[in-house]
Amino acid sequence: MVEDRKKGGEEGKVMSWKKIAERGEVSVGRGKAFEIDGKQIAIFNQDGYHAIDDLCVHQDSSIAPGKLEGDIVECPLHFWHYNIKTGELVDYLKDVKLETYQVEVRDDGIYVDI
Ligand code: FES
């Protein structure tokens, strides 16, 4: 696995860029789930790539296959909605946010900073 390490973010937290997908693996206007470091992360290809925890706070469904409209993905199980850029749940509960990750497209693939 390709990885570079650096310190950043919260004090002492080790951030590292890891390759999560090949370029072209996530179609435009769609999401796809990937596992990396024991986490399930959804990558969306909508207006650039976006990475977000792939775990609906309602009943732990994957949101990656959900319908996308603009920046909003709909959980396929019971239709809760999340902003793929901010991770925010936009209905039902206030102040609920899935973790988001920075994404970089490099020559050899798509990387996330986790
Ligand atoms: S599991 Fe996502 S809305 Fe129920």
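How many residues lie between S10 and S11 in their hairpin? I went to that spot first, keeping in mind that this is a predicted model. I found 2 residues between the two strands of the hairpin. S10 covers residues 103-106 and S11 covers residues 109-113. They run antiparallel and are joined by 4 bridges. For one pair I looked up Val 105, whose bridge partner in S11 is Ile 110.

Next entry: the sheet of 4 strands. I read its order as S3-S4-S5-S9, an open sheet with antiparallel pairing. Which strands stand at the edges? They are S3 (30-36) and S9 (100-101). Each has a single partner strand, so one side of each is left without a neighbour in the sheet. I then checked how S9 is held to S5, which spans residues 49-53. The two pair in the antiparallel sense over 2 bridges. Across that pairing, I noted Ile 52 opposite Thr 100 of S9.

Last entry: the sheet of 3 strands. This one is also open and antiparallel, with the order S6-S7-S8. Its edge strands are S6 (67-69) and S8 (81-83), and each of them pairs on one side only. I looked up the twist too, and from one strand to the next it averages 25°. How many bridges link S6 and S7? I got 3, with S7 at residues 72-74 and the pair in the antiparallel sense. Lys 67 stands opposite Glu 74 in S7.

A reminder to myself for going through side chains later: in a regular strand they alternate between the two faces of the sheet.

Definitions and conventions:
Residues are numbered from 1 along each chain as its sequence is written. This is a predicted model: local features need pLDDT of at least 70, side-chain atom pairs count only at pLDDT 80 or more; totals for chains, interfaces and linings use all residues. Two strands pair if DSSP finds at least two bridges between them. Axes are lines fitted to C-alpha atoms, for helices over the stretch in contact, and angles run from 0 to 180 degrees between N-to-C directions.
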